[in-house]
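The following report describes a protein structure for a reader who is new to the subject. Please look at the sequence and the model before reading on.

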Amino acid sequence: MLWFENTAKQLAKYSSRPLWRRLCAATTNIPVLTLFTKNPCPLCDEAKEVLEPYKNRFILQEVDITLPENAVWYDRYKYDIPVFHLNGQFLMKHRVDVKKFENQLAKLEFQNDENQ
């Protein structure tokens, strides 16, 4: 089982396909940070730079709110991007709140360690 977990973690880290990354995250308990964005979005680019030091601790999933299949997210967030959800729960918008992000990430990691 350990080999599978390690392999899944590596695949999750380097896969660009959202479904595959979510499946791997579910298997390995790596938190998923969802970024609701559009192109162009300078604030989103800035936010990703701020999150760069943490990139090995979560899986980043980007949702382009301008795509037709994401109309619900567009209606909700068209004036607020970037918006972040951590494991499906709203976390922050407009700018990265580093302290809040660190606290929530550490909390999830602690819970995952306790459950293993």
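## Disulfide, sheet and aromatic pairs

The torsion about the S-S bond of Cys-41 and Cys-44 is about 70°, so this disulfide is right-handed. The model is a predicted one, in which local features need pLDDT of at least 70 and side-chain atom pairs count only at pLDDT 80 or more, while totals for chains, interfaces and linings use all residues. Residues are numbered from 1 along each chain as its sequence is written, and side-chain values use heavy atoms, with hydrogens and water left out.

A disulfide is a pair of cysteine sulfur atoms within 2.5 Å. The search of the whole structure finds one disulfide, and the S to S distance between Cys-41 and Cys-44 is 2.1 Å. Cys-41 is buried, with a relative accessible area of 9%, and Cys-44 is buried at 1%. Here, buried means under 20% relative accessible area, exposed means over 50%, and partly exposed lies in between (1.4 Å probe, protein chains only).

**The sheet**

Helices (H or I, at least four residues) and strands (E, at least two) are DSSP runs, numbered from the N terminus. Two strands pair if DSSP finds at least two bridges between them. Strands of a sheet pair through backbone hydrogen bonds, either parallel or antiparallel.

In what order do the four strands lie in the open sheet? The order is S2-S1-S3-S4, and the pairing is mixed. Strand S2 (59-64) and strand S4 (89-93) are the edge strands, each pairing on one side only. From one strand to the next, the twist averages 25°; axes are lines fitted to C-alpha atoms, for helices over the stretch in contact, and angles run from 0 to 180 degrees between N-to-C directions.

S1 and S3 run antiparallel and are joined by four bridges; Leu-35 stands opposite Phe-84 in S3. Strand S3 (residues 83-86) also pairs with S4 in the antiparallel sense, over four bridges. His-85 stands opposite Phe-90 in S4, and the bridge partner of Val-83 in S4 is Lys-93. The hairpin of S3 and S4 has two residues between the strands, and Asn-87 takes a positive phi near 50° there. Val-83 and His-85 point one way from S3, Phe-84 and Leu-86 point the other way, and all are buried.

Helix H5 (residues 98-115) lies across S1, S3 and S4 and runs at about 155° to S4.

**Aromatic pairs**

Rings of Phe, Tyr and Trp (its six-membered ring) pair if their centres lie within 6.5 Å; planes under 30 degrees apart count as stacked, over 60 as edge-to-face and the rest as tilted.

| Pair | Distance between centres | Angle between planes | Class |
|---|---|---|---|
| Phe-36 and Tyr-77 | 5.2 Å | 50° | tilted |
| Tyr-54 and Phe-101 | 5.4 Å | 85° | edge-to-face |

Tyr-54 lies in the loop between H3 and S2 and Phe-101 in helix H5, so this pair links distant parts of the chain, 47 residues apart. Tyr-54 counts as buried at 12% relative accessibility, as does Phe-101 at 0%.

Phe-36 lies in strand S1 and Tyr-77 in helix H4 (residues 71-77), so the pair ties together parts that are 41 residues apart in sequence. Both Phe-36 and Tyr-77 are buried. Ring pairs link Phe-36, Trp-73 and Tyr-77 into a cluster.

Notes:
Contact = heavy atoms within 4.5 Å.
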